Amino acid sequence: MEIEARLQAEMRGVNFISGAVEHALTLDGDRQLLLSALSNLLQNAIKFTPKGRSVSLGVQVSEKRVHFHVEDECGGLPPGKPEELFGRFTQKDSNRSGLGLGLSICLKAARANGGALHVCDRPGKGCVFTLELPRKAAPLEDGEPPSGSPLDLHLVPGGPLRAAC
């Protein structure tokens, strides 16, 4: 997914930044739906970010949840209620490419997998879309707890943290 996003960003002249993800990280959910949701968020961010600006993908992990943060520099959301963006056939920008289903699909995929989708509007700067999903417990090896403290909320180095707007 990172390779695909990086190629799309390069084609549009947008910088793409991604953080590392711990190798032992596992999620509970439908792989195809979750990849589709995250891919849609990245495509939208790249589509609406002007040339020369940046899109980043970061991951925040806690004991029970994983938050994927897709942060763009689109200039902020158009006037209106942010929750309206998640409706079907909604296109609130002059760029009418696509079907207007992307965020609706993301929201349905998140909910179908026990997760949620949030948006943080930063007027004049951009948006942060957060796909929140359940984390699957790491398997124990020889009775030892997984490496790292499972109770600590941490950010994988290199990714943006936008827990609150």
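**Entry 1: the outline**

I read along the sequence and wrote down the pattern α-β-α-β-β-α-β-β-β. That gives 3 helices and 6 strands in the chain. I noted that this is a predicted model.

Next I looked up burial. Of the 165 residues in the chain, 39% are buried. I also checked how far apart contacting residues lie in sequence. I took contacts between residues at least 6 apart, and 68% of these join residues at least 24 apart.

**Entry 2**

How do I describe two packed helices? I use the angle between their axes and the distance between the axes.

I started with α1, residues 2-12, and α2, residues 31-48. Their axes are 10 Å apart, and the packing angle is about 15°. Angles under 35 degrees count as roughly parallel, so α1 and α2 are roughly parallel to each other. Their crossing is right-handed.

Which residues make the contact? From α1 I listed Glu4, Ala5, Gln8, Ala9 and Arg12. From α2 I listed Ser39, Leu42, Gln43, Ile46 and Lys47. I sorted the contact of α1 with α2 by class and got 4 nonpolar, 3 polar and 3 charged residues.

**Entry 3: α2 against α3**

I moved on to the pair α2 and α3. Their axes come within 9 Å and cross at roughly 145°. This crossing is left-handed.

On the α2 side I found Leu33, Leu34, Ser36, Ala37, Asn40, Leu41 and Asn44. They meet Gly102, Leu103, Ile105, Cys106, Ala109 and Ala112 in α3. How many of the residues in the contact of α2 with α3 are charged? I found no charged residues, with 9 nonpolar and 4 polar.

**Entry 4: the core**

I then looked up the largest nonpolar core, which has 31 residues. Which residues have the most contacts inside it? They are Leu41, Val70 and Leu131.

I traced where the core comes from. Helices α1, α2 and α3 (102-112) each supply at least two residues. So do strands β2 (54-61), β3 (65-71) and β5 (126-134). The largest share, 7 residues, comes from α2.

**Entry 5: a look at Val70**

Technical notes. Residues are numbered from 1 along each chain as its sequence is written. This is a predicted model: local features need pLDDT of at least 70, side-chain atom pairs count only at pLDDT 80 or more; totals for chains, interfaces and linings use all residues. Side-chain values use heavy atoms; hydrogens and water are left out. Axes are lines fitted to C-alpha atoms, for helices over the stretch in contact, and angles run from 0 to 180 degrees between N-to-C directions. Helices (H or I, at least four residues) and strands (E, at least two) are DSSP runs, numbered from the N terminus. Angles under 35 degrees count as roughly parallel, over 145 as roughly antiparallel, 65 to 115 as roughly perpendicular and the rest as oblique. A crossing is left-handed if the near helix is turned anticlockwise from the far one by less than a right angle, and right-handed if clockwise. Contact means heavy atoms within 4.5 Å. Ala, Val, Leu, Ile, Met, Phe, Trp, Tyr, Cys and Pro count as nonpolar, Asp, Glu, Lys and Arg as charged, and the others, Gly among them, as polar. A nonpolar core is a set of buried Ala, Val, Leu, Ile, Met, Phe, Trp, Tyr and Cys residues joined through side-chain atoms within 4.5 Å. Buried means under 20% relative accessible area, exposed over 50%, partly exposed in between (1.4 Å probe, protein chains only).
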